[in-house]
Amino acid sequence: MNDQLNETLLGWVNTLNGPLWDFLVIFLVAVGLFYTLITGAVQVRLFLHSIKVMKSSRKECDDDHGITPFQAFVTGLASRVGVGNVAGVAIAIAIGGPGAVFWMWVTAFLGMSSAFVESSLAQLFKVRDQENKQFRGGPAYYITQGLKQKWLGVVFAVALISTYGFVFNAVQANAITGATAHAWGWDKANLAFELGGIHIVVSWVGLALVLLTAMIIFGGIKRIAKVAESFVPLMALLYLAVALYIAVINYAILPDIFQLIFSKAFEFEAAAGGFFGAMVSMAMMMGIKRGLFSNEAGMGSAPNAAAASDVKHPVNQGLVQMLGVFVDTFVVCSCTAIIILASGLYHDAGFEGVALTQMALESQIGSWGDDFLATILFMFAFSSVIGNYAYAEGNVQFINNNAKVMFVFRIFVLIMVYLGSVMSVPLIWNTADLFMGIMATINLFAILLLTPFLLMLLKDYLAQLKQGVKEPVFKLDNHPKFKDKVKSDIW
């Protein structure tokens with residue numbers, strides 16, 4: 001693609017992205033606030049209960065129809081916890097200042113309610129795969145069943161497949177090769193040769209990523225879940241341990257760091273461009289945008305993993321997935337913020353996200369911080385690749401559940417992983433923003449229209465808890481008003 005065409009396409013994409021995201025940032029926060037109020041702040045009153053549910057959900061399923069709630073939790077977390085937790089937070093702080101962290105927290109708090117809603121609905125409207133009888137579902141399914149709009153479900157599915165199956169995986173692969181190149185010079189480990197007069201360069205790192213990805217994705221959702229179950233907690237604990245160490249050695253200035261975050265959150269410096277940018281501070285805009293990109297609450301992505309879980313009540317998985325937003329932002333993103341703010345280097349870092357986190361780590365733990373961050377970035381990014389694939393697979397099945405179609409889709413995923421590892425991706429990243437914006441807009445309108453179903457589920461769950469039932473069980477027959485609207489042999 002020549003430079004002129006690239007610039008033209010990028011201009012078109014950015015023209016669409018501007019107004020879309022000006023609207024969407026407000027809409028996402030408004031929906032989160034609405035569900036916080038209408039559920040009686042479910043993210044607060046059932047938070048401790050959700051931890052108990054998650055801790056007790058590691059046991060194997062009663063049958064082979066689904067994965068465990070904990071596996072669904074870490075599969076969703078695998079997609080949420082990625083490069084954005086390292087680079088995204090750094091960019092938010094570099095551009096919006098320390099106050100951006102506060103707005104990330106606010107966004108996550110409100111987003112926990114949206115995540116609860118979409119994942120509970122995904123469970124209610126999930127279906128059995130006709131071939132292997134495993135559960136699958138997500139926004140495409142509850143749009144089709146609940147709203148009776150199959151065409152809109154297909155539009156959503158295409159947007160999600162394009163975003164998560166192809167483009168985001170290319171971006172994650174690009175981050176992996178960039179990090180390993182900076183730390184260990186692996187970009188030089190390439191094979192170059194001539195073929196028919198054409199100079200071809202093969203990236204060994206790219207091929208290794210393709211091989212690793214292929215070994216997992218050809219195993220299906222249950223293999224993805226099992227890999228994520230062992231992979232995600234380890235990488236989160238490693239990163240958390242280093243952040244905790246940095247917090248301990250800087251304990252004297254921690255009060256100052258939090259005071260800085262809260263004080264700068266309300267300093268108004270108008271964000272440039274657009275209706276939204278004229279009304280809020282740069283800290284608020286960057287905090288909300290980066291927070292939403294990181295925790296994905298309301299985007300319609302995590303419900304695809306949530307639907308695959310085998311639970312006795314839809315609300316059960318809603319509560320577990322709600323914790324994913326908490327862990328992503330309040331734990332992992334906060335770790336990055338502490339590392340950066342403790343170093344004090346954000347003033348001079350410009351807009352280089354990963355470089356800022358890297359410099360901050362090196363200033364706190366020495367030169368080995370470079371190697372550590374490269375390793376963590378690999379774990380974060382690769383977990384996102386397998387989590388993203390899990391989302392896309394269910395939506396390919398929604399459009400056409402055919403073995404040949406699935407094989408072709410997997411080959412295209414592997415091609416995008418390789419291309420992402422060897423090329424710069426500013427155009428496809430901005431295109432991904434566009435697809436993700438479309439995806440989120442459709443999903444948010446859908447869950448708002450399906451609110452009566454959510455309130456029915458929550459009321460049923462709370463009533464059983466009040467009666468002393470330790471593990472509530474949902475029976476659709478108890479709700480005749482909704483029975484004809486949910487076509488299911490599961491509930």
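Asp477 and Lys483 form a salt bridge, with their closest N and O atoms 2.6 Å apart. By salt bridge I mean a side-chain nitrogen of Lys or Arg within 4 Å of a carboxyl oxygen of Asp or Glu. Asp477 is exposed, at a relative accessible area of 55%, while Lys483 is partly exposed, at 41%. For these words the cut-offs are as follows: buried is under 20% relative accessible area, exposed is over 50%, and partly exposed lies in between, with a 1.4 Å probe and protein chains only.

Please note that this is a predicted model, in which local features need pLDDT of at least 70 and side-chain atom pairs count only at pLDDT 80 or more, whereas totals for chains, interfaces and linings use all residues. Residues are numbered from 1 along each chain as its sequence is written, and side-chain values use heavy atoms, with hydrogens and water left out.

How many salt bridges does a search of the whole structure find? The search finds 3. Another of them joins Glu471 to Lys312, with 3.9 Å between the closest N and O atoms. Glu471 sits in the loop between helix 20 (451-466) and helix 21 (480-483), and Lys312 in the loop between helix 14 (303-306) and helix 15, so this pair ties together parts that are 159 residues apart in sequence. Helices here are DSSP runs of H or I with at least four residues, strands are runs of E with at least two, and both are numbered from the N terminus. Both partners are partly exposed: Glu471 has a relative accessible area of 39% and Lys312 one of 40%.

There is also a salt bridge between the side chains of Glu393 and Arg410, at 3.1 Å from N to O. Glu393 belongs to helix 17 (residues 368-399) and Arg410 to helix 18 (residues 403-422), so the pair ties together parts that are 17 residues apart in sequence. Here Glu393 is buried, with a relative accessible area of 5%, and Arg410 is buried as well, at 14%.

I turn now to helix packing. Two packed helices are described by the angle between their axes and the distance between the axes. The axes of helix 6 (residues 99-124) and helix 15 (residues 314-343) come within 7 Å and cross at roughly 160 degrees. An axis is a line fitted to C-alpha atoms, for helices over the stretch in contact, and angles run from 0 to 180 degrees between N-to-C directions. Helix 6 and helix 15 are therefore roughly antiparallel; angles over 145 degrees count as such, those under 35 as roughly parallel, 65 to 115 as roughly perpendicular, and the rest as oblique. By class, their contact has 18 nonpolar, 9 polar and no charged residues.

Which residues of helix 7 are buried? They are Pro139, Ala140, Tyr141, Tyr142, Ile143, Gln145 and Gly146. With 7 of its 8 residues buried, helix 7 (residues 139-146) is therefore largely enclosed by the rest of the structure. Just after helix 7, Lys148 takes a positive phi of about 60 degrees.

Ala214, in helix 9 (residues 204-217), is also buried, with a relative accessible area of 17%. Ala214 and Ile386 are 172 residues apart in sequence, and their C-alpha atoms are 9.8 Å apart in space.

Finally, confidence. The protein chain averages a pLDDT, the predictor's confidence in each residue from 0 to 100, of 79, and 78% of the residues score at least 70. Confidence is lowest in helix 12 (residues 274-279), at a mean of 50, and highest in helix 20, at 94.

Technical notes. Nonpolar A, V, L, I, M, F, W, Y, C, P; charged D, E, K, R; others polar.
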